[in-house]
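How do two chains meet in a predicted model? The report below takes up the annotated domain and then the interface.

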Number of protein chains: 2
Amino acid sequence: MRAAMEEAQKAEAKLEVPIGCVIVWQDQIIGRGHNLRETTCDPLAHAELIAIKQASEHLEAWRLLDCRLYVTLEPCPMCAGAIVQSRIPQVIYGTTDPKAGCAGTLMNLLQEERFNHRVDVVSGVLQEECSAMLTQFFRKLRGKG
Amino acid sequence: MRAAMEEAQKAEAKLEVPIGCVIVWQDQIIGRGHNLRETTCDPLAHAELIAIKQASEHLEAWRLLDCRLYVTLEPCPMCAGAIVQSRIPQVIYGTTDPKAGCAGTLMNLLQEERFNHRVDVVSGVLQEECSAMLTQFFRKLRGKG
C-alpha cells in the first residue's frame, strides 16, 4: 500500500486527485498507475485501469491470475468492473469512497454472486493516511479557488 | 446501430466475440470500437472502452457531453461504469446480456440514483440481428471445438 501511496503522490504532483494503485504478482510490482484523468483528458485514466493494463502487458494475458491489487481509494463502478473482467483474485484498498465506492460502500460489484468472478476484498489498510491525502488535496484546491 | 454492427463484424473476423460500438456527436461518428480482448490480451479492450477513448481524444475532453453511444450488446459493469465516468447522456444497445448486463438486466448502473450521472437508455434496437451475430459466433465456435 505504501507503493500505491507513492503513485498517488505522483498524481498530486500533477494536480490530479491523489489516487494510486499497484498490482503485485509473485512478490513483484508488475503494474503501477495513478489518476491522470485531467492530464490526459481520458475518462478511463483511473489509477486501477492504468495498472491493470500494465500488468496485462507484463503477463501477456487478460487474466491477472494470482495477482493482488492495492489501491488507495475504494474502486468506482468502472474500476470494480475492470477488476472483475481481469479476474484479479484479491483487492486491498485504503479508504472508502462514499460517493462512488463499489467495493462495499454503495454496492459491492467485487462480490456480486451473479457475475462470473468474485474477489476477496480487504479494506481499511493505511486508511487514515490514504484518506488524509485526499482531504488535504481538496482543502488546498478550495484554498486556491 | 448498423455502424456498431459493422464494428462487431470486424471483431468476428479476428475470431473475437462480435461486439461493436460507435459514439456519435453532432451527427458524426467520433469513436469506434470492437471487442479485442483476445487479440490484445487486454481485459480492458471491450468495444465500448475503445470507442470512449477514441471519442475523448477527438473531443480532447473526458466528458463526452452531447454524445450517443451505440453498442450491439448490453454493457458489462466495467463498460457501464466507464459510460457513467465519461458522462455520456444516452446509450442505445441491441441485445441484452443475461450473464453480465448492467444496463437493466442484472442491475442498472446507468441509472443508479446514488451516482453523480445518469444515462438515458434505449434497448432492443436491431435486437434480433445483434443477438443472431452472437449466437452464430458461439455456434461456429462449438462446431470447431
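UniProt, in an unreviewed entry, lists residues 1-113 of chain A as "domain: CMP/dCMP-type deaminase". Over residues 1-113, chain A is 34% helix and 23% strand. The end C-alpha atoms of this stretch are 27 Å apart. The model is predicted.

Now the interface. In chain A, 30 residues are in contact with 30 residues of chain B. The area buried between the two chains is about 2,600 Å². Carbon and sulfur atoms give 69% of that area. In chain A, the residues that lose the most area to chain B are A:Pro43, A:Trp62 and A:Gln85. Together they account for 24% of what that side buries.

Polar links also cross between the chains. Six residue pairs are in polar contact between chain A and chain B, both residues at pLDDT 80 or more. The rule finds two salt bridges across this interface. A:Asp42 and B:Lys53 meet through their side chains in a salt bridge, at 3.2 Å from N to O.

Which elements of chain A give two or more residues to the side that touches chain B? The table names them.

| Element of chain A | Residues |
|---|---|
| helix H2 | 37-40 |
| helix H3 | 47-59 |
| helix H4 | 77-85 |

H4(A) gives the largest share of that side, five residues. By residue class, the side of chain A that touches chain B divides into 16 nonpolar, five polar and nine charged residues.

Key: Residues are numbered from 1 along each chain as its sequence is written. Chains are lettered from A and ligands numbered from 1 in the order in which they are written. This is a predicted model: local features need pLDDT of at least 70, side-chain atom pairs count only at pLDDT 80 or more; totals for chains, interfaces and linings use all residues. Side-chain values use heavy atoms; hydrogens and water are left out. Contact means heavy atoms within 4.5 Å. Buried area is the accessible area (1.4 Å probe) that two parts lose on being put together, summed over both. A salt bridge is a side-chain nitrogen of Lys or Arg within 4 Å of a carboxyl oxygen of Asp or Glu. A polar contact is a pair of N or O atoms within 3.5 Å; within protein, one must be able to donate a hydrogen and the other to accept it, and residues adjacent in sequence count only if both atoms are side-chain atoms. Helices (H or I, at least four residues) and strands (E, at least two) are DSSP runs, numbered from the N terminus. Ala, Val, Leu, Ile, Met, Phe, Trp, Tyr, Cys and Pro count as nonpolar, Asp, Glu, Lys and Arg as charged, and the others, Gly among them, as polar. UniProt positions are given in the numbering used here, feature names are shortened, and annotations may be inferred rather than shown by experiment.
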